[in-house]
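This report is for a reader meeting the structure for the first time. Please look at the sequence and the model before reading on.

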Amino acid sequence: MGVSIKCQVKSRFQQEIIGRILNCTMPQITAILPTWNRAEWLEKSIQSVLDQTFGDFELVVVDDASTDSTAEIIERYSGKIRCIILTKNRGVSAARNAAVLKSDSEWIAFLDSDDYWHPEKLQKQIEQTKIRQGFPIHFTDEIWIRNGIR
């Protein structure tokens, strides 16, 4: 999915003040990747976010009570991603919302765990937010591949 939403939970000014108080920098984008029993595709999805040419982001993976090897895959990325583990499967919307509530970023970007991003996706999308500053939501094209056919 190619959606980025401007987070208005806190103003940019509030984010900057909080950052100064905590002496830390908040990422411009929080990429949210909910997953449930998709270990087969998860690593490619995570890596596609970490390989972005735009670097001012954090990746939050939400494990929606998976029973496959999702936890082991997430563990391999310890220190590179944030993880939220839900103990009961609540569905993709609840998983996304759990991550949104933990975000302090100006922008939120969503990626499903069976999809992946082109390396310049965040760079191009953040450029569009500067060109179209009055828009709180930005959406990009998707490329669908079914059974190996585009």
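**Basis**

This is a predicted model, in which local features need pLDDT of at least 70 and side-chain atom pairs count only at pLDDT 80 or more, while totals for chains, interfaces and linings use all residues. Residues are numbered from 1 along each chain as its sequence is written, and side-chain values use heavy atoms, with hydrogens and water left out.

**Overall fold**

The protein chain contains five helices and six strands. Helices (H or I, at least four residues) and strands (E, at least two residues) are DSSP runs, numbered from the N terminus. Along the sequence the pattern of the protein chain is β-α-β-α-β-α-β-α-β-α-β. The protein chain has 150 residues, and 42% of them count as buried. Buried means under 20% relative accessible area, exposed means over 50%, and partly exposed lies in between, using a 1.4 Å probe and protein chains only.

**Strands**

β2 and β5 pair in the parallel sense over four bridges; two strands pair if DSSP finds at least two bridges between them. Across this pairing, A31 stands opposite A109 in β5.

In a regular strand the side chains alternate between the two faces of the sheet. In β5, W107 and A109 point one way and I108 and F110 the other way, and all are buried.

**Salt bridges**

The structure holds five salt bridges. A salt bridge is a side-chain nitrogen of Lys or Arg within 4 Å of a carboxyl oxygen of Asp or Glu. The table gives some of them.

| Pair | Closest N and O atoms |
|---|---|
| R38 and D114 | 3.3 Å |
| E58 and R82 | 2.8 Å |
| E120 and K124 | 3.6 Å |

R38 forms a salt bridge with D114. R38 lies in the loop between β2 (29–35) and α2 (39–50) and D114 in the loop between β5 (107–110) and α5 (121–131), so the pair ties together parts that are 76 residues apart in sequence. R38 is partly exposed, at a relative accessible area of 29%, and D114 is partly exposed at 34%.

E58 forms a salt bridge with R82. E58 belongs to strand β3 (residues 57–64) and R82 to strand β4 (residues 82–86), so this pair ties together parts that are 24 residues apart in sequence. E58 counts as buried, with 14% relative accessibility, whereas R82 is partly exposed, with a relative accessible area of 33%.

For the salt bridge between E120 and K124, the relative accessible area is 43% for E120, which is partly exposed, and 49% for K124, also partly exposed.

**Loop residues**

Q52 is found in the loop between α2 and β3 and is buried, with a relative accessible area of 8%. What does the side chain of Q52 reach? The side chain of Q52 reaches the backbone oxygen of S48 at 2.8 Å. A polar contact is a pair of N or O atoms within 3.5 Å; within protein, one must be able to donate a hydrogen and the other to accept it, and residues adjacent in sequence count only if both atoms are side-chain atoms.

Most residues other than glycine have a negative phi. N37, in the loop between β2 and α2, has a positive phi near 55 degrees. N37 is partly exposed, with a relative accessible area of 26%. A65, in the loop between β3 and α3 (70–76), also has a positive phi, near 65 degrees. A65 is buried, with a relative accessible area of 18%.

**Largest pocket**

The largest pocket has a volume of about 900 Å³. On a 1 Å grid over the protein atoms alone, a pocket is an open set of points where a 1.4 Å probe fits, with protein on both sides within 12 Å along at least five of seven lines, and lining residues have an atom within 4 Å of a point. Grid points are joined across faces, edges and corners, and the volume is the space filled by probe spheres set on the points.

The largest pocket is lined by 23 residues, and D115, Y116, E142, I143 and W144 lie nearest its centre. Among the elements, α2 and α5 each supply at least two residues of this lining, and α2 gives the most, with three residues. By class, the lining of the largest pocket has eight nonpolar, five polar and ten charged residues. Here Ala, Val, Leu, Ile, Met, Phe, Trp, Tyr, Cys and Pro count as nonpolar, Asp, Glu, Lys and Arg as charged, and the others, Gly among them, as polar.
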